[in-house]
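Subject: Structure handover

Hello,

Here is the structure I promised to pass on. Please open it first, then read my notes below.

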Amino acid sequence: MRDASPQSAAETVHLKDYAPFGYLIDKVELVFRLDPEATRVTSRIAFRPDPAAKSRDFFLHGEKLKLIGARIDGQKAAPEMVKGGLRCTVPDAPFLWEAEVEIAPAQNTALDGLYMSNGMYCTQCEAEGFRKITYYPDRPDVMAPFSVRIEGTQPVLLSNGNPGRKGEGFAEWHDPWKKPAYLFALVAGDLVCHSDSFTTRSGRRVALGIWVRAGDLEKCGFAMDALKRAMAWDERVYGREYDLDVFNIVAVDDFNMGAMENKGLNIFNSSAVLASPETATDANYERIESIIAHEYFHNWTGNRITCRDWFQLCLKEGLTVFRDQQFSADERSAPVQRINDVLALRGRQFREDNGPLAHPVRPESFVEINNFYTATVYEKGAELIGMLRRLVGEDGYARALDLYFRRHDGQACTIEDWLKVFEDACDRDLGQFKLWYAQAGTPRLGVEEAWDGSTFTLTLTQKTPPTPGQAQKAPLVIPVATGLLAPDGSELVPTRILEMTEARQSFRFADLPVRPVASVLRGFSAPVILERRADPRQLRLLLAHDTDPFNRWEAGRLLARNSLLAMLRDGADPDAGYFAALNDLAGELELDPAFRALCLALPGQDDIAQALHDGGTVPDPVAIYRARRSFAEAMARALQPRLAALYEYSRPEGPYSPDAGAAGRRALAGAALGLLTLVDGGGRARRQYAAADNMTEQLGALSALVSIGEAEEELAQFYAQWKDDRLVLDKWFGLQVGLAGPETAVATARTLSEHPDFSWKTPNRFRAVIGGFAANPAGFHDPSGAGYGLVADWLIRLDPVNPQTTARMSTAFETWRRYDADRRAQMREALERMLATKGLSRDTTEMITRMLG
Ligand code: ARG
Ligand code: ZN
C-alpha cells in the first residue's frame with residue numbers, strides 16, 4: 001500500500017494490499033486563517049489506537065504543506081518527514097495531535113485542495129485533496145466528526161454541517177456526522193444567496209441556500225427547484241431523509257469536474273447550477289437537474305455510507321448515477337432518459353472499454369486515483385445496479401437497499417458488503433454476478449434463431465474480448481429482456497428476462513401460432529454489444545411496432561447505422577426504406593415529441609468509426625463525416641414535407657419553460673430544423689436565430705447555420721451579445737470547433753485558441769475549445785496530423801497547471817489503434833511527445849503510458 005511505503009514517485013497502489021489505518025479519530029477541530037499566499041491551518045485531532053487494527057504505523061498524508069509545528073498531548077513532536085507525508089512516534093493510548101501548517105491557495109492552479117476562483121476560496125478534496133490542506137490520514141475509511149472555524153474578511157464563510165457561532169471576521173461550523181476527509185469543504189467569498197427551505201417528512205426544517213456571485217442570483221431558481229424535487233424523491237422512493245439543518249450549494253467557475261457532494265456543502269461547477277431561459281439550453285437544464293440530484297443523493301449513497309478505499313469508488317458512484325437516472329426518468333420521460341443514458345454509455349464507456357484504457361468497474365490497481373473517475377466506474381457501474389435490479393426484481397431491490405442502509409449506515413464499505421445485502425435480502429448467490437465488477441471489456445452477445453413450426457428457439461452466445469491485463473474472460477450473468485412480436489406487429493410474448501449464465505445457451509418459446517420477430521435486449525437490459533445479423537424488414541417492423549420504446553428507437557438506429565456502413569464500405573445509396581419508415585414514425589402524433597426527436601438523430605461520427613472498427617474495417621474520419629452528411633441530406637430531402645410540418649407545429653407556444661414536455665417539443669422542432677437547413681439554404685435557421693428569445697432556439701439555429709458554413713454574421717452577433725457571459729461564451733467557442741467540417745476545423749481551432757477570450761486555465765473554457773475540437777473527429781483526425789499536434793501542444797501546456805484536466809482530456813487519443821497506419825503513427829508520435837515532456841504529471845504520465853501500453 002502506498003501508505004506503508006511511500007517511496008517512488010509513480011507507485012502503483014493495489015487493492016490486494018489494503019490494510020486498515022491503526023487509529024480511530026474521535027474528533028477533528030480545524031482553524032483556518034485565510035490568506036491567499038499564506039493561509040494558516042491548525043488542526044487538533046483526537047486519535048486513539050484502533051483495537052481492531054494490527055498496524056501501529058502513524059503515517060499522516062501531507063503534500064505541499066509547510067509545517068509550522070506539531071504537538072502530541074501538548075508536547076512538541078518531532079515527526080519524520082517522508083515522501084507524501086509524515087510519520088511520528090505516538091503513545092499507545094488516546095492522544096491529541098496538534099499541527100499548524102501554511103498553504104498558498106492563490107498558487108494552487110490544480111484546483112485540488114484549497115484554491116481560489118475569482119477571488120473566492122474554495123476546496124475540492126475528493127479524492128486526495130485534503131492532504132494539501134493539512135496532515136491527516138487522508139483515506140476514506142477514516143471517518144470523524146469535524147468542527148471548523150474560519151477566520152477571514154470575506155462576508156460569507158461556509159463549511160460542512162450546521163452553522164455555529166459567527167461574528168466579525170469569523171464563522172464556526174460543526175458537522176455531527178462522521179465523515180472521511182474527502183467530504184470536507186470550505187468556501188469563503190463575497191457571495192449572495194438564493195434561499196429556500198424544505199421540510200423533511202419527519203418535520204425537520206432545512207434551510208437551503210445556493211451561493212453565487214452577485215450577477216448570478218437570478219439564475220438559481222431552477223437548481224433550487226430541482227434540489228427540492230430531489231429531496232422529496234429520495235424520501236418517497238428510497239425512504240432517505242436529509243440529516244442536517246442546512247444544505248448549501250456553491251457555484252464556482254473554476255472546477256475540474258461537474259460537482260462535489262461535500263457533506264452539507266456541495267460545490268458545483270457554475271455550469272451545473274446557473275440557468276436562465278436566455279442563457280441556458282434545454283440540455284443545460286436537464287444536466288443541472290441531474291447533477292443537483294446526483295450530488296444530493298450522495299448524502300446517503302456516498303456520505304452516510306462511504307467507500308472503504310478508492311477501489312470501491314463504484315460503490316458510491318455507480319449507485320448514485322443509477323439513482324439520478326431513476327430520478328430523471330421519473331421526473332421526465334423514462335424511455336427518453338433510457339435512450340440518452342445508453343447513448344452516453346456507448347459513446348464514452350464502450351469507447352473506453354474497447355480500447356487501451358479498459359479497466360474493471362472495480363479496478364485492482366492505480367497510480368493516480370483521479371484517473372479512475374471514468375465512464376466505466378460511473379456509467380457501467382450504474383448499469384450493474386440496473387442489472388441487479390432486473391435480476392432480483394423491484395421488491396428484492398427495495399429490500400436489499402433497506403438492508404444496505406440499515407446495516408451499513410456510518411460505515412466505509414466494499415463491493416462485497418454491497419453484494420452481500422442482495423444475497424441476504426433476496427436469498428440468491430451472486431458469485432457469478434460479481435464478475436461484472438472484476439472483468440473489463442464489453443461482452444458481445446450473439447443471437448441465433450430457429451423455428452420449427454411451433455417452437456421458436458433463441459440461442460444466445462456471449463464473448464468478451466481481451467482487455468489490457470485480462471486475456472481470458474469468463475461468462476457473465478446477463479439478463480436479456482426479450483419479447484416476441486407477431487409479423488403483424490402485435491405483441492405475441494411480453495417481455496421476459498432470459499437469464500444467461502453460460503457462454504452459449506438456448507431459450508425456447510413453445511406453442512406459437514406464427515414465426516415471431518424477436519425483440520432482444522429490451523430496455524438495453526445489459527451493457528453488451530448485440531451482434532445480430534439484422535434483417536431490414538424485421539427492423540422496420542420493430543421500428544413501427546415494438547412495444548418496448550427503447551428497442552423501437554434501437555431498430556431505427558440500427559437501420560441508419562447499417563445504411564451508413566454500407567455507404568462507407570460498398571458505396572451504397574442511403575436506405576430509402578428506412579427513410580419511409582422514419583417518415584411514418586415522425587408523424588405519429590401520439591408519440592412523445594422528445595422520443596421522435598431522438599429517432600430523427602443520426603449515429604455520431606465516433607459511433608460509426610467504432611462500428612466500422614468492430615466489423616474489421618479501418619475507419620476514415622473524413623469519409624465518415626462526408627457519408628454522414630450526405631445521408632443527412634438524403635434524409636432531409638426524403639422527409640422534407642414531414643420535417644417542415646414538424647418544424648412549423650412542434651414548437652411550444654407561450655413563454656419559455658424548461659419542463660420536459662416543452663423541451664421535447666423544442667427538441668423535435670430543432671431536429672427538423674437541423675435537417676431542413678441542410679437543404680433549404682438556411683432561411684428558416686436565419687429567421688429563427690433572429691427571433692429567438694431563449695438559448696435553446698438561438699443556439700439551435702446558430703448550430704444549424706454553422707453546420708452549413710453560413711453563420712459568419714450570426715457568430716459575430718452572438719459574440720457581441722454574449723461576450724460577458726462566460727457560460728454562454730463557452731458555447732460560442734465549443735460550437736465552432738465542434739461543428740466545423742474537415743476543410744476548416746483545424747484552422748478554426750487554431751484561430752479560436754488564439755482568441756483573447758480563450759482563458760485556457762479555466763477548465764470550462766479549455767474543455768470548450770480544446771475538448772470541443774478533439775471531439776470533432778473530422779478536425780481532430782485531419783490527415784495532416786495538425787489536429788493531433790494542436791491538442792498535444794495544448795495538453796503539454798496545461799499539464800503543469802492542471803494535471804487532472806490534462807489527464808482526462810488526453811483520452812482524446814485513446815482510439816489511436818483504430819486508424820490507418822499514417823494516423824496511427826501521427827497519434828502515437830503525439831502521445832510519445834507528451835510522454836517525453838520533462839516533469840509531466842503523474843496523472844498524465846499514467847494515462848499516456850496506459851494508452852501506449
Ligand atoms: N464525487 C464527485 C461526483 O461524482 C466527483 C468528484 C471527483 N473529483 C475528482 N477530482 N476526481 O459527484
Ligand atoms: Zn458522484
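How far apart do the C-alpha centres of domain 3 and domain 4 lie? They lie 40 Å apart. Keep in mind that this is a predicted model.

**Confidence and domains**

The mean pLDDT of the chain is 97. Of its residues, 99% reach 70 or more. The model scores are ipTM 0.98 and pTM 0.98. Treat the start of the chain separately. Over residues 1-8, pLDDT stays under 50. The model has 13 contacts for that stretch beyond four places in sequence.

The domain assignment gives four entries:
- domain 1 covers 9-237 + 244-252 + 260-267
- domain 2 covers 307-438
- domain 3 covers 444-531
- domain 4 covers 723-853

**The five-stranded sheet**

Next, look at the open sheet with the strand order E17-E18-E19-E21-E20. Its pairing is mixed. Strand E17 (192-199) and strand E20 (259-260) stand at the edges. Each has a single partner strand, so one side of each is left without a neighbour in the sheet.

Now take strand E19 (residues 246-252). Strand E18 (residues 205-212) pairs with E19 in the parallel sense, over five bridges. There, Ala207 stands opposite Val246 of E19. From E18 the chain crosses to E19 through helix H1 (residues 221-238). This β-α-β crossover is left-handed, so give it a look in the viewer.

E19 also pairs with strand E21 (residues 265-269). That pairing is parallel too, over five bridges. Asn248 has Leu265 in E21 as its bridge partner. E20 and E21 run antiparallel and are joined by two bridges. Here Ala259 stands opposite Phe268 in E21.

**Helix H10**

Which residues of helix H10 (residues 576-586) are buried? They are Tyr578, Phe579, Ala581, Leu582, Leu585 and Ala586. These residues cover an arc of only 165 degrees around the axis, which puts them on the same side of H10. The face turned away from that buried side carries the exposed residues Ala576 and Asp584.

**Backbone details in loops**

First, the peptide bond from Glu126 to Ala127 is cis, with omega near 0 degrees. Ala127 is found in the loop between strand E11 (120-124) and strand E12 (144-151).

Second, Leu111 has a phi near 60 degrees, a positive value in a residue other than glycine. Leu111 is found in the loop between strand E9 (95-103) and strand E10 (113-117). Is Leu111 buried or exposed? Leu111 has 24 other C-beta atoms within 10 Å, so it is buried.

Third, phi of Asn118 is near 50 degrees. This is again a positive value in a residue other than glycine. Asn118 lies in the loop between E10 and E11. Asn118 counts as partly exposed because it has 14 C-beta neighbours inside 10 Å.

Best wishes

Conventions. Residues are numbered from 1 along each chain as its sequence is written. Chains are lettered from A and ligands numbered from 1 in the order in which they are written. This is a predicted model: local features need pLDDT of at least 70, side-chain atom pairs count only at pLDDT 80 or more; totals for chains, interfaces and linings use all residues. A residue is buried if 20 or more other C-beta atoms lie within 10 Å of its own, exposed if 12 or fewer, and partly exposed in between; C-beta atoms are placed from the backbone. Helices (H or I, at least four residues) and strands (E, at least two) are DSSP runs, numbered from the N terminus. The arc is that of the directions from the helix axis to the C-beta atoms. Two strands pair if DSSP finds at least two bridges between them. pLDDT is the predictor's confidence in each residue, from 0 to 100. Two residues are in contact if their C-beta atoms, placed from the backbone, lie within 7 Å. Domain bounds come from an automatic or database domain assignment.
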